[in-house]
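Hi,

Here is the structure I said I'd pass on to you.

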Amino acid sequence: LSITKPVTLLLGATTLTISAKITLAANGIKIIGMGDATNIVYNTPASDSFPKLYATGRTGLIIRDIDLSGGEGPTASVPWTNADASVNGQHGALLHNCTDFEISGVTANNLGYAGIHLIRSSRGRIAGNTANSNTYAGISVWGTDSGGSANLYISGNVANSNGALGASGFQGRGIVFSRVGTTNGVTSSQIIGNQCNSNTYWGIEVYQFSHYNRIIGNTSNSNAFGGIHLWNNTGNIASFNEVRLNGSTSVPNEIGGVINGGYGFRVGATTSSTIHGNTVVGNNTQDVANFNGITVDEEGTIASTGVQVTGNFVQNHGVNASDINVDSAVDSALVHDNILIGTTTTTPLSLTNTLSIRNITAASDITSSIHRGDNSVRFVGPASGIVGFRTTGGTDAFYLTDSTGKLTQAVQMDATAAYTTTAQITSTLAIGTAPLVITSTTPVSI
């Protein structure tokens, strides 16, 4: 079926069974249904290999309020062959080289590749869709050597439970920006306010050559390999996302078998990007070494540089990993004003380059407010151990109290000596860059 005129199709409560793709072959076509009451289904869901709705080189398309679910996903694959103009695989909608379009209110579940798949397409709004339990991804956007995708607004979508766990499963993403070839990904686009939970690989992945994107206000929880991944790109900002409880020991490996997972954020081979104001809690659920709350490192031989990690709340990433782990190639002056609290974390903050760090770490819960300007901080316990808190200026006091409010320790900034009396605490503390080493003392009343 090919629609060759710029018509508006208002579809009622109906089920349309197709044996070939529906091609939107004119600019300005609008297809509007009645939500889940309007269904387009495959004649042979186990093997049909074509998108249900397809367009190439068109502008002004609207696809709204239609159910495009039903296929082989997520436990079997009917894949798209990764080439610029391939028109195969199972997708609810595939737009190639399209501009100024809208896909909204669409349901695209249980398909053998991606619920919504965009290739080399720009200036589109993808909002309020549901794309769950597909084999590869809920929403997938690609660039190619012929051109990238750009200026997309992806908001308010639900992309959960894509992929299947285990050695015979599939790596599923909630939302993924990627590329075919070696030059172009997805640029200057926004991933805002989406739910990307319980996928078998990444909740949100911004892959190679995808630059200057904004990942803001999403939830990326309970994914098997990790919450949010930035790899080999520049100028991306990930802010105010909720990233919790990611991890599994049954992540499908593309070359066979299974691998471990558990990252909150992983930022690899990335330059001039920002991770700010995120809530990153309880990832690395299997307590596997090196699956940190926020990891900034190289991947392969490509280092990460100029990555800012600021103002994040990071907590509880197991005894075998860190809340934040930053590679030596990253300027640690860009890692500051994070709050790291982990009752079981032995190394909250791991920084190979330890200059100018301004982060707050503790091994137990904060019991009173944090004053940030001069870094006056009050924590409950522990009585001994190393707390990785460093400062670059101001008048600084570090207080440790027990649960009754009695003083257990106050540590100056420039040495390992401890202040243990009220008089010593009220004096001006020196400033330096040595770590705070806390030694056991008898509590005294303040």
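Start with Ile294, which touches Phe265, Ile275, Val280, Val309, Asn312, Val314, Asp323, Ile324 and Asn325, leaving out anything up to four places away in sequence. Keep in mind throughout that this is a predicted model.

Ile294 belongs to the largest nonpolar core, a group of 58 residues. Along with Leu24, Ile63, Leu95, Phe101 and Leu118, Ile294 touches the most other members of that core. Strand 5, covering residues 30-42, gives the most to this core, with three residues. There is also a second, separate core of eleven residues, and Tyr54, Trp80, Trp142 and Val180 are among them. As background, nonpolar side chains tend to be buried together in soluble globular proteins.

Now for the chain as a whole. The protein chain has 446 residues, and 54% of them count as buried. Its secondary structure comes to one helix and 39 strands. If you take the contacts with a separation of 6 or more, 66% of them are between residues 24 or more positions apart. The accessible surface is about 15,900 Å², and carbon and sulfur atoms account for 51% of that.

You'll find Leu95 in strand 8, residues 91-96. Is Leu95 buried or exposed? Leu95 counts as buried because its relative accessibility is 1%, and the cut-off for buried is under 20%. Not counting residues up to four places away in sequence, Leu95 touches Ala55, Leu61, Ile63, Phe101, Ile103, His117, Leu118, Ile119 and Ser121.

How many disulfides does a search of the whole structure find? The search comes back with zero. Cys98 is buried, at 0% relative accessibility, and Cys196 is buried at 0% as well.

Next, the charged pairs. The structure holds eight salt bridges, and here are some to look up:

- Asp100 pairs with Arg123, with 2.9 Å between the closest N and O atoms. This pair links distant parts of the chain, with Asp100 in strand 9 (residues 99-104) and Arg123 in strand 11, 23 residues apart. Asp100 is partly exposed, at 36% relative accessible area, and Arg123 is partly exposed too, at 44%.
- Arg266 pairs with Asp297, and their closest N and O atoms are 3.0 Å apart.
- Arg244 pairs with Glu242, at 3.7 Å between the closest N and O atoms. Arg244 is partly exposed at 31% relative accessibility, and Glu242 is partly exposed at 28%.
- Arg64, Glu102 and Arg125 are linked in a network of salt bridges.

Last, a couple of asparagines in loops. Where is Asn134? Asn134 is in the loop between strand 11 (122-127) and strand 12 (137-143). With a relative accessible area of 0%, Asn134 is buried. Leaving aside neighbours within four places in sequence, Asn134 is in contact with Pro74, Ala108, Asn109, Asn110, Leu111, Tyr113, Ala114, Gly115, Ser161, Asn162 and Gly163.

Asn236 is in the loop between strand 19 (226-231) and strand 20 (237-239), and Asn236 is buried as well, with a relative accessible area of 0%. The Asn236 side chain makes a polar contact with the side chain of Asn233, at 3.1 Å. Apart from neighbours within four places in sequence, Asn236 is in contact with residues including Val206, Ser210, His211, Tyr212, Leu230 and Thr274.

That's everything I wanted to hand over.

Cheers

Notes. Residues numbered from 1 in each chain as written. Predicted model: local features only at pLDDT ≥ 70, side-chain atom pairs only at ≥ 80, totals over all residues. Heavy atoms only, no water. Helix = DSSP H or I, 4+ residues; strand = E, 2+ residues; numbered from the N terminus. Buried < 20%, exposed > 50% of the residue type's maximum accessible area, 1.4 Å probe, protein only. Contact = heavy atoms within 4.5 Å. Areas by Shrake-Rupley, 256 points an atom, 1.4 Å probe, with all protein chains shown as cover. Core = buried A, V, L, I, M, F, W, Y, C linked by side-chain atoms within 4.5 Å. Disulfide = S-S within 2.5 Å. Salt bridge = Lys/Arg side-chain N within 4 Å of Asp/Glu carboxyl O. Polar contact = N/O pair within 3.5 Å; in protein donor to acceptor, adjacent residues only side chain to side chain.
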